Amino acid sequence: MNIFVCVKRVPDTSEAIVKVDDSGRGVDSSKFSFDINESDNYAVEEAMLIKEAKGGNVQVVCAGTQDADVMIRMALAKGGDSAIRIDDPRINVIDPLQVAKVLAAAIKGKEFDLVLTGCMANDDGNMAVGVALAEELGVPHAAMVKKVEAGDGKVKVYRELEGGISEVVEMDLPAVITIQTGINEPRYAPIKGIRLAQKKELTVLKLEDLGLAPEDVSESASLITLENLYIPEVESKAEIIQGEPEVKAAILAEKLVKGGLL
Amino acid sequence: MVNVYVLAEHRQGELREITLEMLTKAAAVAGQTGGEVVAVLLGSGVDSFAEKMGGYCDRVLYVDDPLFADYNSEKYQKVLAALLQEYKPELFMIGHTTQGVDLAPALAVELKLPFISDVIDINVADGKLKPVRQFYQGKVNANFSFKGEPPYLVTFREASLEIGEPAKNGSVEKIASPLLEDIAYRRFIEYVEAEVGDVDITQSEILVAVGRGIKEDKNMPLIQELAAAMKADICGSRAAIDAGWLGHDRQVGTSGKTVKPKLYVAIGISGAFQHLAGMKGAKAIVAINKDPDAPIFSVADFGIVDDLFKVVPKLTEKLKELKG
């Protein structure tokens, strides 16, 4: 089974201070730490599990700058066979439909059974690229998948719905699946794999190499415009308790007990 | 004039709340521009849903056909593409739900629609639509606008507003299905219900909730000791369940349980909207997190901004002392 797995490098902003930059349309990312997007990491693992069970190869695809190479090499170290990185500043990363168009151009015309990608990028939260990619490739898709059973010419997937219910659907191959976190336990790259990964093929392409007209995937061709960013005002009614940790803990304990909450 | 069409969402015989939330927002948008609100419903045996939605919009268009008994992205896409081309609304709203995210991006690509996902609000300025969405898990908001010709497509975030009163009396029209035969590239098989655990956290009076901030399984005893001192049950955010620290039956949020305890103590949980949707109905909420900008504080009654590993043991100790 031949698999493409699409990955994105994203900042971890869970504990970072996020500030809008001077342009008003971007953020100051100089202090962020970056890594593979969480659900993409699960997609990489799922690709390896399928390859181990069924044979075939796994190709990693990424639209990003050279900074993404460390992350791509990690996916290769886990068992990926080769990688394609589309490195072009003209790609309008704000528009998920344009990103999907770029990824599709890198995959189109090649033989594949499955395309896997994370169901959501933690930076933009669009949850759109994978499903748009399927439409660009003209193949069926299923989003937010927590279990994959790849068969002969078919794949059965369990989509995780609200309330923890699963919707089981079957699709003809080839197909695109967007992977939900928690589907597996992503492995650490083995030392030997890390050494081997340095020798694996990582092809860097420009839009023209994919036969794409840059203007088709640049901001001018996008049908949506990001006008400006702003930090939302948090309407918090929370009473923030002050002091040293033990003082805060003691005040909170008293409030809970004396306030009748416990 | 902005005519707003809304895709009704239903599953297993229930009309989902996102539908009425979107109709409420649609009425606000259309109201500012003198447009019409139209609900679009695809289903089988769904007369009662159509009737109910009539209270929230000007018109309900519905297809009642056994082919739509269960959601299938391919069938939905085919029919919605035909309906959008026929009715040409300015704005089409689909829920940013497990159904909507499985459907909307492909529909947008097929029809080359201007598309913005996970929209939390839609403003209108000079007759133009200005959707708002977020980046960096709620830390930044963005004003967007559309270019090109309508229909404009958005997926709209769940639980981002209160459902309004059913003040309208819209017409209900059954329409012929544009889908003449079944499509078979993707086939619905069945639903598998969520696993049942030893504790039903939807019934718990007091919940201690743990998230990514606890970092490792070996730190869970800290939480267990606090829960014991509070006589609380333990639950968690998606991160805690993905990491295997807790079972799936303990997950709070859109893909887990919705809880309404008397007291909810969120520890090391940043508060992604999917989590907030599952717990903001708690009577009292305490948040302990070292990031002062964490969205969890927006729903909290009491907050402690600090290292949980310093605060939690002291809290447990003090509670034991006070409760004897």
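In the predicted model, strand β9 of chain A (residues 166–172) and strand β12 of chain B (residues 186–192) pair in the antiparallel sense, the pairing running over 6 bridges. At one position of this pairing, A:S166 has B:V192 of β12(B) as its bridge partner.

The pairing of β9(A) with β12(B) belongs to a contact between the two chains in which 73 residues of chain A meet 76 residues of chain B. On the side of chain A that touches chain B, two or more residues are given by each of several helices, namely α3 (96–107), α4 (129–137) and α6 (245–258) of chain A. The strands of chain A that give two or more residues to this side are β7 (141–150), β8 (154–160), β9 (166–172), β12 (224–230) and β13 (239–240). Among these elements, α6(A) provides the largest share, with 10 residues. By residue class, the side of chain A that touches chain B consists of 40 nonpolar, 14 polar and 19 charged residues.

Within chain B, two domains are assigned: domain 1 spans residues 4–174 and domain 2 spans residues 201–323. The centres of domain 1 and domain 2 of chain B, taken over C-alpha atoms, are separated by 34 Å. Contact between these domains involves 6 residues of domain 1 of chain B and 7 residues of domain 2 of chain B. On the side of domain 1 of chain B that touches domain 2 of chain B, the residues comprise 1 nonpolar, 2 polar and 3 charged.

Technical notes: Residues numbered from 1 in each chain as written. Chains lettered and ligands numbered in written order. Predicted model: local features only at pLDDT ≥ 70, side-chain atom pairs only at ≥ 80, totals over all residues. Helix = DSSP H or I, 4+ residues; strand = E, 2+ residues; numbered from the N terminus. Nonpolar A, V, L, I, M, F, W, Y, C, P; charged D, E, K, R; others polar. Pairing = 2+ DSSP bridges. Domains from an automatic or database assignment.
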